[in-house]
Amino acid sequence: MEALHGLTIAGSFLMFAGYHGVLYYYVHKDPERTVFGASRRVRLLWITKMLGLEKNIINSIQTLRNSIMAASLAANSSLVLLAFLGAVLLDSQKMTLLDQVVYDVDPVFSGVPLVPVTAKLMLLVLTNILGFLLAMQSVRLHMQAGFFVGITNDDRRQWAAEKLNSVLLSASQFWTLSLRCYYLMIPLALWLFGTLQLFIASILLVFCLYYVDFSLVGPGVDQNLGVSLDIEEPARPRTDGALAN
């Protein structure tokens, strides 16, 4: 029974890691099949339309602000959850009660658990802290991106566009990794109530992530949309007197 118990735990984590290995391959070899390729094209298009034009600066800042608020909300939620988990870990009575609950509700692997509840909670805490740190890095990079949006000097706009694209790419990567940590916390939390719950949650999570990462890129997305960072020069007012009466 212990061998089956260990295989179920290992299979759950290998399933999650194996899916992200496949996702990593497609993101680097065939990004157009993933939502990340579509996001890259949209981001480049957004930069070319927004950067350096004074009439679009407000819209650009509002877009960056929305991203900062989303990452900040995730970071704040992490702090609340971290405080709760810390309170449980430091309370011996709550830990004893939790051990008894886990012992009673596991319908398959009854008896002494292969992994103690304390280790499961510590893994939850570490995953939560990692998600918090990644979300804060996303906030930091989105704040830096705001400085590039306001560059209206024609001689520096192309340089600003390249830097802005690089900063936003890093920010989106940190945000994606942060979300993956929060997604992983779902099966980890259910693991407290049994190994079977961990295994089932891992299967459902992989299917949901596949829908998010692959299925959303369908016929409605123009796969041939070519976008470059060639910034169009803003229209200049005519000064040759052609409009004079």
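Leu114 counts as partly exposed because its relative accessibility is 42%. Here buried means under 20% relative accessible area, exposed means over 50%, and partly exposed lies in between (1.4 Å probe, protein chains only). Leu114 sits in the loop between α4 (92–105) and α5. Along the chain, Leu114 and Ile9 are 105 residues apart, yet their C-alpha atoms are separated by 9.6 Å.

This is a predicted model, where local features need pLDDT of at least 70, side-chain atom pairs count only at pLDDT 80 or more, and totals for chains, interfaces and linings use all residues. Residues are numbered from 1 along each chain as its sequence is written, and side-chain values use heavy atoms, with hydrogens and water left out.

Now the whole chain. It has seven helices and zero strands. Helices (H or I, at least four residues) and strands (E, at least two) are DSSP runs, numbered from the N terminus. Of the 245 residues in the chain, 34% are buried.

Trp191 belongs to helix α6. Trp191 lies 10 residues from Ala201 in sequence, and the two are 8.8 Å apart in space, C-alpha to C-alpha.

Next, the largest pocket. It holds about 1100 Å³ of space. Its lining has 35 residues, and the closest to the centre are Phe36, Ser39, Ser172, Gln173 and Thr176. A pocket is found on a 1 Å grid over the protein atoms alone: it is an open set of points where a 1.4 Å probe fits, with protein on both sides within 12 Å along at least five of seven lines, and lining residues have an atom within 4 Å of a point. The volume is the space filled by probe spheres set on the points. Helix α6 gives the largest share of the lining, 10 residues. By type, the lining divides into 20 nonpolar, 11 polar and four charged residues. Asp, Glu, Lys and Arg count as charged; Ala, Val, Leu, Ile, Met, Phe, Trp, Tyr, Cys and Pro count as nonpolar; the others, Gly among them, are polar.

Last, the surface. Met122, Leu126, Ile129 and Leu133 make a nonpolar patch of about 340 Å². Patch residues have over 30% relative accessible area and no salt bridge, and nonpolar side chains (Val, Leu, Ile, Met, Phe, Trp, Tyr) are joined within 5 Å. Met122 is placed in helix α5 (residues 117–149). At 37% relative accessibility, Met122 is therefore partly exposed.

Key: Patch = residues over 30% accessible without salt bridge, like charges linked within 9 Å, V, L, I, M, F, W, Y side chains within 5 Å. Areas by Shrake-Rupley, 256 points an atom, 1.4 Å probe, with all protein chains shown as cover. Salt bridge = Lys/Arg side-chain N within 4 Å of Asp/Glu carboxyl O.
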